[in-house]
Amino acid sequence: MALFEELIQRGGIEIALANRSPEELQMLVDFIKWKICDYRYQNVLIQVLRFVIDMYQGVIGNGQNPYVDAMFNDELRMILSNEIEVNENLVQLKGQIEMVM
C-alpha cells in the first residue's frame, strides 16, 4: 500500500501501470478486489482503480481477456456496490446515534 501511495504522490502511478499484460492486470485487479473491503486501504485502492480504468478503458470489455472483463463488469462492480451500501448504512447509523446523544 505504501508503494501505491508513494507512486500516487510522486505522479508515477501512470508509468507503473502502463503496458501491463492481461495477466499482470488480472493480478492487480485480484489484489484490489482482495483489499478494497478494508476501509484503511479504500482511498488508495480507489485511486489506483481509477487509473487502471482510465488507462485500460480500450481493453476492458472488448473480449480480449474474458476473465478481466468479467472481473470489471461483474465481480468488481458487485464488491463496490456492496461497499457503497455499507457506507450509506453507516452514515445513517451515525446520524441516528448523534440524534440520541
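This is a predicted model: local features need pLDDT of at least 70, side-chain atom pairs count only at pLDDT 80 or more; totals for chains, interfaces and linings use all residues.

**Exercise 1.** Classify the pair formed by F4 and F31 as stacked, tilted or edge-to-face.

*Solution.* Start with the geometry: a pair of aromatic rings is described by the distance of the centres and the angle of the planes. The centres of F4 and F31 are 6.2 Å apart, and the cut-off for a pair is 6.5 Å. Next, take the planes, which meet at 45°. Stacked needs under 30 degrees and edge-to-face over 60, so the F4 and F31 pair is tilted.

**Exercise 2.** Find where F4 and F31 lie in the chain.

*Solution.* F4 belongs to helix α1 (residues 2-10) and F31 to helix α3 (residues 22-35).

**Exercise 3.** Work out whether F4, F31 and W34 are buried, partly exposed or exposed.

*Solution.* Buried means under 20% and exposed over 50%. F4 has a relative accessible area of 15%, so F4 is buried. F31, at 25%, is partly exposed. W34 reaches 61% and therefore counts as exposed.

**Exercise 4.** Describe how W34 is arranged with F31 and K35.

*Solution.* First, F31 and W34 make an edge-to-face pair, 5.9 Å centre to centre with 65° between the planes. They are three residues apart in helix α3, so about one helical turn separates them. Finally, K35 lies over the face of W34, 4.2 Å from the ring centre.

Methods: Residues are numbered from 1 along each chain as its sequence is written. Side-chain values use heavy atoms; hydrogens and water are left out. Rings of Phe, Tyr and Trp (its six-membered ring) pair if their centres lie within 6.5 Å; planes under 30 degrees apart count as stacked, over 60 as edge-to-face and the rest as tilted. Helices (H or I, at least four residues) and strands (E, at least two) are DSSP runs, numbered from the N terminus. Buried means under 20% relative accessible area, exposed over 50%, partly exposed in between (1.4 Å probe, protein chains only). A charge sits over a ring if NZ of Lys or CZ of Arg is within 6 Å of the ring centre and within 35 degrees of the ring normal.
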